[in-house]
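I opened this notebook to record what I looked up in one structure. The entries follow the order in which I turned to each topic.

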Amino acid sequence: MKEQFKKFLNEEQDPKAIEKITSKLTDLLMKGEEVGYIAVQKKPAITVFPDSIVLTNKRIIICKPKNLGLSMDFTDYTWDDIASTFVKENILGSEFSFGTKTDLAVSIDYIPKIQARKIYTYAKEQLDLLKNPVQTAAPIQETAEPVFEEEAEEEIEEVETEEVTSFAEILPAAPVVTETYEPLPTQPAGERKLSDLSKEELFDKLQNYKKLLDNGLIMQGEYDAYKKEILSYM
């Protein structure tokens, strides 16, 4: 584990502070969690127990020694909780701060400028990854191109048109049938003429034709012709 954190000793980090943090982080890191950077506070006077900031791919961990360095307090904030990060460069070091989505502001001062820039850059990268997660590209397979709804409708219309055209070519054109109705048959021998019937008899005859129409025994055109003639005598 110590060998893993030696790479964080090249930007003026205090080796003793890194060693203490390393021994504690062994039990703190979660499965799949990797340390991206460690920044160590460096005040103008001799800092015996400096604060540190550990940035991982899952969270920010603030490390503050206490009890003369015999123990240490850890406060962590996941990247989901962090709304923004800031770096303010001063004459002596820089101040790194971040705000949470619950309006909590956290800052550590006297961070060496190069370390402050590194943790700021790393934090921005993690926040960008959170907003735009990298999606694993699916393997390319030789499949038919997807057909959207509008395209599907167009294809169906084309197929139907082709089928109708092919049938039109095979089948002869159907003759155009014009619906005509023959005039009323002449009155059978012995049956009274319409002109000889009373209005009541004409009405009854019209009712009989209506029943024949309702029962499907005569066509609508025939009924209309009968009705027209009967009404002319009423």
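**Entry 1: helices on the sheet.** I began with helix α2 (residues 113-131), which lies across β1 and β2 and runs at about 150° to β1. Helix α1 (residues 15-28) lies across β1, β2, β3 and β4, at about 140° to β1. I took helices (H or I, at least four residues) and strands (E, at least two) as DSSP runs, numbered from the N terminus. Contact means heavy atoms within 4.5 Å. Axes are lines fitted to C-alpha atoms, for helices over the stretch in contact, with angles from 0 to 180 degrees between N-to-C directions.

**Entry 2: basis.** I note that this is a predicted model, in which local features need pLDDT of at least 70 and side-chain atom pairs count only at pLDDT 80 or more, while totals for chains, interfaces and linings use all residues. Residues are numbered from 1 along each chain as its sequence is written, and side-chain values use heavy atoms, with hydrogens and water left out.

**Entry 3: the sheet.** I traced an open sheet of 4 strands in the order β1-β2-β3-β4, with antiparallel pairing. β1 (35-40) and β4 are its edge strands, each pairing on one side only. On average, neighbouring strands of this sheet are turned by 20° against each other, direction ignored. Two strands pair if DSSP finds at least two bridges between them.

I then went through the pairs. β1 and β2 are antiparallel over 5 bridges, and Ala-39 has Ile-53 in β2 as its bridge partner. Strand β2 (residues 52-56) is joined to β3 by 4 bridges; here Val-54 is partnered by Ile-61 in β3. The hairpin of β2 and β3 has 2 residues between the strands. Between β3 and β4 I found 8 bridges, again in an antiparallel arrangement, with Ile-62 opposite Thr-75 in β4. The hairpin of β3 and β4 has 4 residues between the strands, and Asn-67 takes a positive phi near 55° there.

**Entry 4: salt bridges.** How many salt bridges does the structure hold? I recorded 5, a salt bridge being a side-chain nitrogen of Lys or Arg within 4 Å of a carboxyl oxygen of Asp or Glu.

Glu-89 and Arg-117 form one, with the closest N and O atoms 2.8 Å apart. Glu-89 belongs to strand β5 (residues 82-89) and Arg-117 to helix α2, so the pair ties together parts 28 residues apart in sequence. Glu-89 is partly exposed at 39% relative accessibility, and Arg-117 is partly exposed at 46%. For these terms, buried means under 20% relative accessible area, exposed over 50%, and partly exposed in between (1.4 Å probe, protein chains only).

The side chains of Asp-73 and Lys-66 also meet in a salt bridge (3.0 Å, N to O). Lys-210 forms another with Asp-214, at 2.9 Å between the closest N and O atoms; the two are 4 residues apart in helix α4 (residues 199-214), which means a separation of about one helical turn.

**Entry 5: a buried serine.** Is Ser-94 buried or exposed? Ser-94, in strand β6 (residues 94-100), counts as buried because its relative accessibility is 0%. Its contacts, not counting residues up to four places away in sequence, include Glu-89, Tyr-110 and Lys-113.

Entry 6: Leu-68 is exposed, with a relative accessible area of 70%.
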